[in-house]
Amino acid sequence: MAKPKRPPIQPHWWSKTLAGCVLGFSLALALMGLFAWLGPGGIEAPNKVQFNMWLVPVIWMAVFAFVYLFRTGLRAWLWLGAANVAAFSALLVARLILEGG
């Protein structure tokens with residue numbers, strides 16, 4: 001009985017890795033900013049800085065781990081790029097509304 005052939009390593013892993021590294025980091029920063037502005041106590045909450053600092057690597061590594069579930073590197077770039085645009089747009093809107101201008 002012949003062994004089933006394993007699919008070859010796809011060449012997309014470099015582009016997926018770069019997408020997770022670059023766009024995952026910027027997405028983590030945007031989500032951390034949203035939490036800083038919209039989270040408990042708002043932007044002026046005491047002792048929130050340390051939590052926000054540790055929130056970035058948790059989100060970044062989660063995105064970095066799940067980026068390999070995309071079928072191709074292009075899809076990873078497109079989806080993470082769209083998520084970044086949405087997150088930074090939401091951050092801009094939140095800042096404008098909460099700053100009052």
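User: How do I read helices and strands here, and how many are there?

Analyst: Helices (H or I, at least four residues) and strands (E, at least two) are DSSP runs, numbered from the N terminus. In this protein chain there are three helices and zero strands, and the order from the N terminus is α-α-α. The radius of gyration is 18 Å, well over the 13 Å that the globule rule gives for 101 residues, so the chain is more spread out than a compact globule. That radius is taken over C-alpha atoms, and the rule is 2.2 Å times the number of residues to the power 0.38. Along its principal axes the C-alpha trace spans about 70 × 25 × 20 Å.

User: What should I know about the model itself?

Analyst: This is a predicted model, where local features need pLDDT of at least 70 and side-chain atom pairs count only at pLDDT 80 or more, while totals for chains, interfaces and linings use all residues. Residues are numbered from 1 along each chain as its sequence is written, and side-chain values use heavy atoms, with hydrogens and water left out.

User: Which residues does UniProt list as "transmembrane region"?

Analyst: The unreviewed UniProt entry lists residues 21-39, 51-70 and 77-98. Its positions follow the numbering used here, feature names are shortened, and annotations may be inferred rather than shown by experiment. In the model, residues 21-39 are 95% helix and 0% strand, with end C-alpha atoms 26 Å apart. Residues 51-70 are 80% helix and 0% strand, and there the ends lie 30 Å apart.

User: Where is the kink in helix 1?

Analyst: A bend at a residue is the angle between axes fitted to the seven residues ending there and the seven starting there. Helix 1 has a kink of about 30°, centred on G24. The helix has 26 residues and reaches 35 Å from first C-alpha to last, close to the 38 Å expected at 1.5 Å a residue; that expected span is 1.5 Å times one less than the number of residues.

User: Which residues is S26 in contact with?

Analyst: Contact means heavy atoms within 4.5 Å. S26 lies in helix 1 (residues 13-38) and, leaving aside neighbours within four places in sequence, is in contact with N84 and F88.

User: Is G81 buried or partly exposed?

Analyst: Buried means under 20% relative accessible area, exposed over 50%, partly exposed in between (1.4 Å probe, protein chains only). G81 lies in helix 3 (residues 73-99) and counts as partly exposed, at 21% relative accessibility. Of the chain's 101 residues, 32% count as buried.
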